[in-house]
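Thank you all for coming.

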Amino acid sequence: MTVIAAVPTSGPGAGEQFEQLYRSSAADVYAYVASLLRDRTAAEDVTALAFERAFRRRALFDMRRGTPRSWLFAIARNAALDELRKRRRTGALLHEIADPSNELEDLDSDLAERRLLVREGLASLEPRDREVILLKFVGRLSNAELARVLRCSESNAGTRLHRAIERLREVCGVTR
Amino acid sequence: MSRDELTASEREELAALDRILAREPVGEQHLELAALVDSVRAGAPRMDPAFAERLDARLAAPGKRRSRAGARVARPAIPRLALAGSGLVAAAVAFTIVISSGLLSGGTTHPPAPASSPALGILPRKAPGAAASPTGTTSGPLASGGVASGTAVAIVPSTNFSGSKSLSARLVHRDSTLTLATPPASMQRVANRIVAATEQRGGVVQSSNVAIQGPASRASFSLAVPTGRLGSLIAALSTLASVRALNQNTNDITSSYNVEQARLADNVAARAALLKQLATAATATQQAGIQKQLNGLEARIAAEHRDLGRLLGQGRTATLHVTVVAGASAKHAKAAAGPFTTAFHRALHALEEILAIALVVLAIVLPFALTALALWWGATAVRQRARERAMRTA
């Protein structure tokens, strides 16, 4: 994958490190954005936009203010929310992500049922709860990174995450 | 316990979650959480391979393809350009202000501004009740800029002394003293130029004394010059040598003039009355007595005419006493200071100028910068709030 042609002048957020960041997080960023927007086409645009923005601003990245991954997810989140705002203004139609039920056909019935249940449960969550679950489970961010993306304290991020997990369990009927 | 504080078991569960995401083993009590994570991750949308290829190509040449998203990204360059442009404009304005204020020329070497050339030293009368000082003195080096004659106005009083009207403007006598310093070798040249400059302005040299005696050389002049040209003459003389001191005195002689004129009018009226009496005098004795009074009045009237003429002459003509002493002029002093000292002074002066420009730029830019910062901060806050609102309503 020949990702970044430009050679960085300096800084931890540029060059090979950026390519590495792209390789390791592109799929996760897309999954997070697509789950937020529930629109494959818009998710593709926003994902591309997020990486372009990150590439252009790579010289501004400051390691002291967070990890590259949290920085990238913050950019992607802003881009996704801007897309949501725009969509609300223009009343654009959703191109819903295709029902992946057929992907579950090959799985064990219990597992397939469980995944379907979790998927529906996640979709029924409040957007803020769903987002924190996605950032943690799909984005695999640490609590500190989560706090940076959500612009809150680390303890607040932990609390929000725990409550979101509890609500997901609740809507999925999962007992510990 | 605050809202953000978690219990120990909750913290343990979050720690287990991190281990699950890092694909590390966890205890049995967290297997349910691991299954939940697995289900969520498995249900997350996957990137289409075709899109992955397009994204690779797009990021491989970020500058080549300008999508609508790319166009949006390029927008932040506009504020930067605006900021740079504002900075340049501010610098230009500051430079202009500094130049026009004379800071770059040191601010201390301006020759005095020439006077506004009044015909006489007559100043406008102040409003009744205004405290007008009859005399005034201005002294100091020429750096004080200009001379007091700059406020004089051209009002020509009547030369008919027999009138009873007093002056409607102030009559001021001006008397100045100027001390110059020049190298002994230049003493004669400076003396000659002082005379030439005085005559050029319609003035006269009332007295002069030039003594060329090496370091003890000295010259003194008493000059009379039309009051309106006093400033111009001082300015011209100041360019001939270094100014050591300048002292300017103004003496309001309006009241003296008015008193004399009133007295003259009374005497003229008395003379007219006496002439009538003389015409109707019956006896020679009466005629002789009246004639004697008339003679006395005539003498007083003549004296009052002279006094009025003298006062008017004082208002019309200013005196300037110039003393030239031997000494190194500023130019010569600079030459004697040596190249390093001169260079040091020049560098210091350059630093002063740079500092002045920087201060003016700062004074211009700072309010704009603070306003722009506040606007930017406000816009960012509003945008972020709108984003969060979009998230809540997603």
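Predicted model: local features only at pLDDT ≥ 70, side-chain atom pairs only at ≥ 80, totals over all residues.

Let me begin with a convention: helices (H or I, at least four residues) and strands (E, at least two) are DSSP runs, numbered from the N terminus, and two strands pair if DSSP finds at least two bridges between them. Residues are numbered from 1 along each chain as its sequence is written, and chains are lettered from A and ligands numbered from 1 in the order in which they are written.

With that in place, look at the hairpin of β4(B) and β5(B), where six residues lie between the strands and Gly214(B) takes a positive phi near 60 degrees. The two strands, β4 at residues 204–211 and β5 at residues 218–226 of chain B, run antiparallel and are joined by seven bridges; Ser208(B), for instance, has Phe221(B) as its bridge partner in β5(B). How many of the eight residues of β4(B) are buried? By buried I mean that 20 or more other C-beta atoms lie within 10 Å of the residue's own, with exposed meaning 12 or fewer and partly exposed in between, the C-beta atoms being placed from the backbone. The count for β4(B) is zero, so this strand is hardly covered.

Stepping back to chain B as a whole, there are 11 helices and seven strands, and buried residues make up 24% of its 394 residues. As for confidence, pLDDT is the predictor's own score for each residue, from 0 to 100; its mean over chain B is 77, and 73% of the residues reach 70 or more. I would ask you to keep in mind residues 63–74 of chain B, where the pLDDT is below 50, and residues 104–164 of chain B, where it stays under 50. For the model, the scores are ipTM 0.80 and pTM 0.49.

Now to the interface. Two residues are in contact if their C-beta atoms, placed from the backbone, lie within 7 Å, and 55 residues of chain A are in contact with 38 residues of chain B. On the chain A side, the largest share, 11 residues, comes from α2(A).

From chain B, consider helix α3, residues 49–60, whose 12 residues reach 16 Å from first C-alpha to last, close to the 16 Å expected at 1.5 Å a residue, the expected span being 1.5 Å times one less than the number of residues. Its buried residues are Leu55(B), Arg58(B) and Leu59(B). They cover an arc of only 85 degrees around the axis, which puts them on the same side of α3(B); the arc is that of the directions from the helix axis to the C-beta atoms. On the other side of α3(B), Pro49(B), Ala50(B) and Glu53(B) are exposed. And what do the buried residues of α3(B) pack against? Their partners are α1 and α2 of chain A.

After α7(A) comes Gly173(A), whose phi is positive, near 70 degrees.
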